[in-house]
Structures are given as C-alpha cells and as structure tokens.
Amino acid sequence: MKFDPNSAATDGSNIFGLPFKEEEAVVVYLPVPWEATTSYGAGTAAAPAAILEASRQVDLYDFDVLRPYEPGLFMRPEPKQVRDWNRRARAAAKKVIAAGGTGESKALQKSADAVNALSEKLNAWVYGETSALLDRGKIVGIVGGDHSTPYGAIRAAAESHPGLGLLHFDAHHDLREAYEGFTHSHASIFYNVLKDTPEVGRLVQVGVRDFCEDERSFCASQGRRVSVFYDGDLARRRFSGEPWAEIAAEIVAQLPETVWVTVDIDGLDPRFCPNTGTPVPGGIDFRELNHVLGEVARSGRRIVGFDLVEVAPGKDAGQWDANVGARLLYKLSAWALASQGRVKLR
Ligand SMILES: [Mn+2]
C-alpha cells in the first residue's frame with residue numbers, strides 16, 4: 001500500500017487519512033453516536049462522522065510527538081445498533097426533558113424507564129468492546145456522543161487497571177445523582193462511575209465552572225478520591241501571574257500511575273466549541289489542555305485510553321467544532337502513545 005504522510009488524504013482512507021486496518025493499529029477509536037439525555041443543545045450524535053471527516057485535514061506530523069501515526073490509528077465504522085438505540089431513547093427522553101423531569105407522572109416515568117433500559121444496553125456494549133480491545137493491547141479512544149458514552153469504557157479500563165485515575169476536563173462536575181429522571185444522564189456519569197467502580201482511584205476535574213451546590217458538597221465529601229481545579233481558581237491564579245506550567249504540574253501530581261483522560265469539549269473556552277450542548281464562558285485554552293496532557297506523558301504516567309465527548313458539529317459554523325475535535329483527538333492519541341513509549345518525543 002502506498003502511503004505518504006506528507007500528502008493529502010486519499011478517498012476511502014480511514015481517520016486522519018491513514019491506511020491502517022484495526023489489526024495493525026495500536027489506537028482504536030470506538031464511535032458512539034449517542035445523545036439520549038442531552039438536555040439543552042443537541043447534535044453530539046453527529047460528532048463521530050464529522051470528526052472523521054475533519055480529521056482528514058489534520059497534518060500528520062506533530063510538533064510534540066513527531067510521528068504519532070506510525071503505530072497505527074483506526075476508527076471503527078459507526079455501529080448501527082447504537083444509532084437505533086439512540087433514536088429510540090431520544091424519542092422517549094424528549095417528553096421527559098420537555099416536562100423538566102418525570103414529576104408524579106406515570107407515563108413520563110415509563111418513558112424514563114425506557115431511556116434507562118437503553119442506556120444500560122449501551123453501557124454494556126461499550127464495556128464489552130472496550131474490555132476486548134484492552135485485552136488485545138489496544139489504546140481505546142471513545143468518540144461520543146454525549147458524556148454518558150464512556151461510562152462502560154471507564155469501568156472496563158478501571159477493572160484492567162485497579163487504582164486508575166481519571167483526568168477530566170469539563171465545565172461541569174457531571175456528578176448529579178440522576179438528572180431529569182435519567183440514571184445514566186450525561187450530567188451523572190462521574191457520580192455513577194464513582195459509585196459503581198471501586199477500582200477508580202482518583203477523579204481529577206479541571207475547568208469546572210457551572211455546577212449545583214449538591215455537586216460541590218459531594219466533591220468535598222469524597223476526600224482525596226476527587227480533586228477539582230475550578231475554573232475560577234485557575235483564572236485567579238493566572239491573573240496573579242502564576243505560570244500555567246506550575247498549575248499543570250500540580251494537576252498531574254494528583255494522578256496515579258495509570259490514567260484515563262476524559263475530555264468534555266465544553267471544558268475548553270467556548271470559542272473552541274461554539275455549538276456544544278451546554279457552553280459556559282471561561283474555560284481553558286487548547287494549548288493549555290495540550291500542555292497538561294504532555295506533562296502526564298512526560299511524568300512517566302501511562303495513558304491507557306481516553307474519550308472525547310460533547311463535540312457538536314453545528315449547522316452554521318462550518319467545520320470548526322469538528323476541526324477542533326479532530327485535532328484534540330490526534331493530540332490525545334499522540335500523548336497516549338508517547339506515555340506508553342510507542343513513539344518518540346521531540
Ligand atoms: Mn461533561
């Protein structure tokens with residue numbers, strides 16, 4: 001097969017215009033077009049396809065990691081049954097969301113139950129696929145979808161690597177105990193992960209700036225298992241002249257040896273993701289996030305997998321959100337490979 005990393009992507013190529021098959025690739029992306037419980041702006045189910053398309057414009061040579069494509073990156077085709085589950089769950093969820101929750105209504109409770117049952121199907125499927133890929137020595141990248149999508153993947157990774165740390169970029173804690181009647185809401189993923197997965201040793205959240213009081217008290221009750229770098233604190237420290245390099249080192253120091261990175265695109269400043277479902281002013285810069293990832297790899301910690309969620313392509317904004325998503329996915333992959341010694345750093 002002819003493949004020139006310096007030229008444009010060819011027709012029929014896989015993600016980033018690469019020629020690899022799944023067997024040949026170290027990084028395998030699982031697209032999860034699911035947004036059943038999205039409460040505000042919708043569109044994240046379209047993200048895997050949009051990111052795939054935008055990825056073909058990304059230059060393969062990387063400033064930090066040089067040739068992250070060499071060990072092989074591969075995206076699976078979109079699973080039809082996930083699209084089907086999402087369509088059914090979304091239809092049931094819409095009624096509940098419109099009413100602001102189930103309240104006392106038996107009919108709405110039935111709809112919420114249907115959504116919860118489909119969420120459990122999805123979680124079991126993501127768990128099974130991720131476990132199998134990890135067993136084959138792959139680095140797994142979940143491409144959502146909303147933030148409920150990596151639940152099964154994080155559980156699988158934590159079972160393979162007890163004590164696993166989660167490095168979580170987000171405008172939100174996502175620590176609500178159910179939301180609008182949905183057990184597996186996008187806003188509840190880390191409540192569920194912490195409750196159901198004792199193998200998760202640490203949750204380190206960065207960029208949080210829109211939350212309820214219960215979530216904040218919940219964090220405080222978790223002791224060292226949960227550390228939060230609130231956006232307000234990060235801003236104050238930078239305004240006082242503290243270098244991001246020092247802050248990043250402090251974030252990384254909270255993490256154990258083995259790490260899963262979970263990126264909600266809305267953790268970034270909304271100029272990077274204007275179409276995401278719940279944009280919040282503030283947030284960190286693309287380069288700041290990239291720097292933290294680099295410090296994880298340079299510190300000798302091992303990134304075993306990651307997810308990128310809540311990217312919404314948007315109708316009027318051209319390819320911008322998906323473009324940022326594709327570039328972030330490439331950086332996540334590059335640093336994960338670097339952290340495992342699979343590629344050389346500059
Ligand atoms: Mn989130």
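In helix H8, Trp244, Ala248, Ala249, Ile251 and Val252 meet Glu288, His291, Val292, Glu295 and Val296 of helix H9, a contact meaning that C-beta atoms placed from the backbone lie within 7 Å. By class, this contact has seven nonpolar, one polar and two charged residues. The model is predicted: local features need pLDDT of at least 70, side-chain atom pairs count only at pLDDT 80 or more, and totals for chains, interfaces and linings use all residues. Residue numbers start from 1 along each chain as its sequence is written.

**Helix pairs**

- Helices H8 (residues 244–253) and H9 (residues 286–298) have axes that come within 9 Å and cross at roughly 50 degrees. H8 is therefore oblique to H9; oblique covers the angles left over when those under 35 degrees count as roughly parallel, those over 145 as roughly antiparallel and those from 65 to 115 as roughly perpendicular.
- The crossing of H8 and H9 is right-handed.
- Helices H3 (residues 106–135) and H4 (residues 151–160) have axes that come within 7 Å, with a crossing of roughly 40 degrees. This pair is therefore oblique too, and its crossing is right-handed.
- On the H3 side the contact includes Asn123, Tyr127 and Leu134, and on the H4 side it includes Tyr151, Arg155 and Ser160. Its residues divide into eight nonpolar, five polar and one charged.
- Helices (H or I, at least four residues) and strands (E, at least two) are DSSP runs, numbered from the N terminus. Axes are lines fitted to C-alpha atoms, for helices over the stretch in contact, with angles from 0 to 180 degrees between N-to-C directions.

**Nonpolar core**

- The largest nonpolar core has 111 residues; such a core is a set of buried Ala, Val, Leu, Ile, Met, Phe, Trp, Tyr and Cys residues joined through C-beta atoms within 7 Å.
- Ile51, Val296, Leu308, Leu332 and Trp335 have the most contacts inside this core. Helix H10 (residues 320–339) gives the most to the core, with twelve residues.
- Leaving out residues up to four places away in sequence, Leu308 touches Val143, Gly144, Val263, Ile265, Gly325, Leu328, Leu329 and Leu332.

**Loop between S4 and H5**

- Ser188 lies in the loop between strand S4 (164–169) and helix H5 (189–196). Ser188 counts as buried because it has 24 C-beta neighbours inside 10 Å; 20 or more other C-beta atoms within 10 Å make a residue buried, 12 or fewer exposed, and numbers in between partly exposed.
- Beyond four places in sequence, the residues touched by Ser188 are Asp174, Arg176, Glu177, Ala178, Tyr179 and Thr183.
- Ser188 and Glu288 are 100 residues apart along the chain, and their C-alpha atoms are separated by 26 Å.
- Glu180 is in the loop between S4 and H5. Its phi is near 55 degrees, a positive value in a residue other than glycine, and with 20 C-beta neighbours inside 10 Å Glu180 counts as buried.

**Other loops**

- Leu66, in the loop between helix H1 (47–55) and strand S2 (73–75), has a positive phi near 60 degrees. With 16 C-beta neighbours inside 10 Å, Leu66 counts as partly exposed.
- The peptide bond from Gly144 to Gly145 is cis, with omega near 20 degrees. Gly145 belongs to the loop between strand S3 (139–144) and H4.
- Ser299 sits in the loop between H9 and strand S8 (302–309) and is partly exposed, with 15 other C-beta atoms within 10 Å. The C-alpha atoms of Ser299 and Glu257 are separated by 9.2 Å, the two being 42 residues apart along the chain.

Conventions:
A crossing is left-handed if the near helix is turned anticlockwise from the far one by less than a right angle, and right-handed if clockwise. Two residues are in contact if their C-beta atoms, placed from the backbone, lie within 7 Å. Ala, Val, Leu, Ile, Met, Phe, Trp, Tyr, Cys and Pro count as nonpolar, Asp, Glu, Lys and Arg as charged, and the others, Gly among them, as polar.
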